[in-house]
Amino acid sequence: MSAVLSSPFVTSLAGLSARAPKRPPIAPLAEVVGAGERVPLSSGDVVRYANLDYAASAPALADVARAVQRSLGQYASVHRGAGHLSQVTTARYEAARETVREFVRGRVDDAVVFTRGTTDAINLAAHITCGDVVVLDIEHHANLLPWSARERTGSSRLRVVRAAPTIEDTLAALETELASSPAALLAVTAASNVTGEVLPVGRLAAVAHRHGARILVDAAQLVAHRPVSMVTHGVDYLVFSGHKLYAPFGAGVLVGRSDWLDAAEPYLAGGGASAAVTVDEATQSADVTWHRGAARHEAGSPNVLGALSIAAACESLTALGFDAIGLHETALLARLDRGLDSVDGVEPLRVFDDSTERVGIAGFVVDGRAPREVAEFLSNRAGIGVRDGKFCAHPLLRRLGFPDGAVRASFGLGTGSDDIDRLVDALRGLALRDARSFVAGSSGTEG
């Protein structure tokens, strides 16, 4: 803490903190890469970085980084290689599918397709879906735009349901919509990337199935925070990204029922997806027999390290245990909520009046301050990284009454109470400070 106090502004924050009620410290739950990274302040001082931007990209777990480093020594191209290292890497790549399936408690016959991330996985899901798709108007763009793009091709119809002020009324609105006309799929985000509020996935699945629809769950903001069981919750398709699961490298996953995947044309055409190819010289055309299963939609050389890092993250989180993860997150979230409530002019964001569960995300606005101004102040004066903007959820920000965006603090396994307290103290300092020297930006950094 002595290095942090070297900055005049952060020293003043310490005075604010000293006058606040003392609370027991909360240590980080796991080691993450870059935890000791130091960053410059506008004062010229250098302090430890307080990373409160986990919802955008969580830092890699040290265990995951070590697992990837070990794999590099035997890294080779997967599939179709007779060489020993190719065989080893192929075995690890395919084993990663099983690790992911077990992590989300998928069915034994579910396909596990590695993608570039959640957005790519939902675009794959849109590619294989024929029929109407029902979504809420509060979705992240990743679970809104792929369906809209698919609608323009005429292969499906997008039906957007307005979320009600309560979860209960929102469930009723979805029930009414699905009962009004057949739909192929209900696609929902399990945890909001703006407010952290968690929807009841099991109940949503029951609503969809009652009316003959399947359900796709965007779990990008959920799987690092809560245990998921596709079987117990009745989820047909589940997607998430490695970079929000403490796994580096740009990879993601779609897990789900194989029949739609096998019936659809390959998501990408190319080697690996094809089982046999011949050329008809008379017609000058190619005749292709495509693979079934995950390979059908994984043409080209896959992101092996991305897949292995996701599997390693799944194993690390399982070893930590979601009871411990939940307790750590709940304690930090309560501390953050109390702190934000104590700062004049700070307004937390909520979608639902009756929501009772959130992951480690807190969206908020500061009265009279542009989101970029707040984020720059936190970065330049206190060495804190948060996200500002519309978070790729423009319709939701408009619904909440903040079309120009908001500020988001998010945390996870590498976060301790020092990070939370520094944010709250910095916001108190901002509330007391004359901000006329700031040049506030009008646009955010995400979306």
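Of the 447 residues in the chain, 56% count as buried. The model described here is a predicted one. Its chain contains 14 helices and 17 strands. Along the principal axes, the C-alpha trace spans about 80 × 55 × 40 Å. The radius of gyration is 23 Å, which agrees with the value near 22 Å that a compact globule of 447 residues would have. The contacts tell something about how the chain folds back on itself: among those between residues at least 6 apart in sequence, 73% join residues at least 24 apart.

Which residues of H6 are buried? They are Ile167, Thr170, Leu171, Leu174 and Leu178. Seen down the axis of H6, these buried residues fall within an arc of 100°, so they line one face of the helix. On the other side of H6, Thr176, Ala179 and Ser180 are exposed. The cover over the buried residues of H6 includes strands E5 (133-136), E6 (158-161) and E7 (185-189), together with helix H7.

The loop between E7 and H7 holds serine 192. With a relative accessible area of 15%, this serine falls under the 20% cut-off and therefore counts as buried. A polar atom of the serine 192 side chain lies 3.1 Å from the backbone nitrogen of valine 194. The backbone nitrogen of threonine 195 also has a polar atom of that side chain beside it, at 3.2 Å. Leaving aside residues up to four places away in sequence, serine 192 touches Glu197, Ile361 and Leu396.

Side chains of opposite charge can pair when their charged atoms come close. How many salt bridges does the structure hold? The count is 27. One of them joins the side chains of arginine 210 and glutamate 175, with 2.7 Å from N to O. This pair links distant parts of the chain, since arginine 210 belongs to helix H7 (residues 201-210) and glutamate 175 to helix H6 (residues 167-180), 35 residues apart. Arginine 210 counts as exposed, at 52% relative accessibility, while glutamate 175 counts as partly exposed, at 22%.

A salt bridge also forms between the side chains of aspartate 337 and arginine 358, again with 2.7 Å from N to O. Here, too, distant parts of the chain are linked: aspartate 337 is in helix H11 (residues 322-341), and arginine 358 is in the loop between strand E13 (346-348) and strand E14 (361-366), 21 residues apart. Is arginine 358 buried or exposed? At 11% relative accessibility, arginine 358 counts as buried.

The side chains of glutamate 373 and arginine 369 meet in a further salt bridge, with 3.1 Å from N to O. Glutamate 373 has a relative accessibility of 6% and so counts as buried. Salt bridges can also share partners, and in this way Asp132, Arg157, Arg159 and Glu177 are joined into one network.

Key. Residues are numbered from 1 along each chain as its sequence is written. This is a predicted model: local features need pLDDT of at least 70, side-chain atom pairs count only at pLDDT 80 or more; totals for chains, interfaces and linings use all residues. Side-chain values use heavy atoms; hydrogens and water are left out. A salt bridge is a side-chain nitrogen of Lys or Arg within 4 Å of a carboxyl oxygen of Asp or Glu. Helices (H or I, at least four residues) and strands (E, at least two) are DSSP runs, numbered from the N terminus. Buried means under 20% relative accessible area, exposed over 50%, partly exposed in between (1.4 Å probe, protein chains only). The arc is that of the directions from the helix axis to the C-beta atoms. Contact means heavy atoms within 4.5 Å. A polar contact is a pair of N or O atoms within 3.5 Å; within protein, one must be able to donate a hydrogen and the other to accept it, and residues adjacent in sequence count only if both atoms are side-chain atoms. The radius of gyration is taken over C-alpha atoms; the globule rule is 2.2 Å times the number of residues to the power 0.38.
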